[in-house]
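Work through the exercises below with the sequence and the structure open. Try each task before you read its solution.

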Amino acid sequence: MAFSGTGIPKYPQRQPEPSLLKANDAKAELRRSAVALGSNIGDSQTILEAAIEILAKTPGIFLEARSNWYQTKAVGPPQPDYLNGCVTLQVEITAQQLLEILLGIEQQFGRVRQERWGPRILDLDLLLFDDIILDTPNLQIPHPRMRDRAFVLVPLAEIAPDWIEPVSGYVIKELLKEVDCSDVHLLMGN
Ligand SMILES: Nc1ncnc2c1ncn2[C@@H]1O[C@H](COP(=O)(O)OP(=O)(O)OP(=O)(O)O)[C@@H](O)[C@H]1O
Ligand SMILES: Nc1nc2c(c(=O)[nH]1)N=C(CO)CN2
């Protein structure tokens, strides 16, 4: 931009046409994200399928891939087995907006936060967002515990084996080799 000596731009500034703004919106940059899903209260498979459907219908979110479901032994206090899986998404929104959408979907299913790592109707964790590393009070990316969790890495390796987890620098299929997968079982017939 050329400026005159007065600090005022030499050329008149034009506002984009409203139609152009719309066209630019349509071309908003897509980012890739991975989300883990878990449930161990209620009809978990129906709940998890419904959560994916809501996500896929949310404006600015496009479902890229989904894993199979896995029955997994609970990590944490004694409680029923979980059903776990992962999805990858293409999104036109920020990581913070995606987290808010995930928390909103958990609430729609009546999730009540009780003890840490306790049983839950629906848990949606934001695992990865492109290659960003973020450490804020309400959002850490990559999810800080994903590297240790077979119930996350097994389904994620199915759909995103070559995604680099940016804190460790290892791809998901390599991280998977480091965890014990004996408590993660493919749910048959899904
Ligand atoms: N990557 C992330 N994905 C989801 N929530 C996150 C993330 N980073 C930080 N949080 C914060 O964690 C808070 C609590 O999450 P939640 O109750 O689901 O934890 P948890 O599932 O019990 O434990 P864990 O985080 O070990 O899976 C959320 O309100 C959110 O603000
Ligand atoms: N198997 C399994 N264990 C858990 C899970 C989960 O999704 N699957 N989620 C937890 C809190 O996020 C705590 N423990």
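A residue counts as buried if 20 or more other C-beta atoms lie within 10 Å of its own, as exposed if 12 or fewer do, and as partly exposed in between. Keep in mind that this is a predicted model.

**Exercise 1. Judge confidence**

Task: State what pLDDT the protein chain averages, and what the scores for the complex are.

Solution: 
- Step 1. The chain averages a pLDDT of 87, and 84% of the residues score at least 70.
- Step 2. Look at residues 1–24: here the pLDDT is below 50. Beyond near neighbours in sequence, this stretch makes seven contacts in the model.
- Step 3. For the complex, the predictor gives an ipTM of 0.96 and a pTM of 0.87.

**Exercise 2. Describe the fold and its core**

Solution: 
- Step 1. Of its 190 residues, 30% count as buried.
- Step 2. Among contacts with a separation of 6 or more, 67% join residues 24 or more positions apart.
- Step 3. Nonpolar side chains tend to be buried together in soluble globular proteins.
- Step 4. The largest nonpolar core here has 40 residues, and V35, L127 and L156 have the most contacts inside it. Elements that each supply at least two of its residues include strand 1, helix 2 (44–57) and helix 5 (172–177).
- Step 5. Inspect helix 4. Eight of its 10 residues are buried, among them F151, V152 and L156. Its buried residues are covered by elements including strand 1, strand 3 (70–72) and strand 10 (184–186).
- Step 6. Zoom in on L127. Beyond four places in sequence, its contacts include V35, V152 and L156.

**Exercise 3. Compare the ligand shells**

Task: Sort the residues around each ligand by class, and name the element that gives the most to the shell around ligand 1.

Solution: 
- Step 1. Ligand 1 has 14 residues around it; D125, L126, N138, Q140 and H143 come nearest.
- Step 2. By class, this shell holds six nonpolar, three polar and five charged residues.
- Step 3. Helix 3 (95–108), strand 5 (123–129) and strand 7 (140–141) each supply at least two residues of it. Strand 5 gives the most, three.
- Step 4. Turn to ligand 2. The residues around it include G38, K73, W117, D123 and F151. Its shell divides into five nonpolar, four polar and two charged residues.

**Exercise 4. Read an annotation**

Task: Say what secondary structure residues 116–127 contain.

Solution: 
- Step 1. An unreviewed UniProt entry lists residues 116–127 as "domain: 7,8-dihydro-6-hydroxymethylpterin-pyrophosphokinase".
- Step 2. In the model this stretch is 0% helix and 42% strand.
- Step 3. Its end C-alpha atoms are 18 Å apart.

Methods. Residues numbered from 1 in each chain as written. Chains lettered and ligands numbered in written order. Predicted model: local features only at pLDDT ≥ 70, side-chain atom pairs only at ≥ 80, totals over all residues. Near = placed C-beta within 6 Å. Nonpolar A, V, L, I, M, F, W, Y, C, P; charged D, E, K, R; others polar. pLDDT = per-residue confidence, 0-100. Contact = placed C-beta atoms within 7 Å. Helix = DSSP H or I, 4+ residues; strand = E, 2+ residues; numbered from the N terminus. Core = buried A, V, L, I, M, F, W, Y, C linked by C-beta atoms within 7 Å. UniProt positions renumbered as here; feature names shortened; annotations may be inferred.
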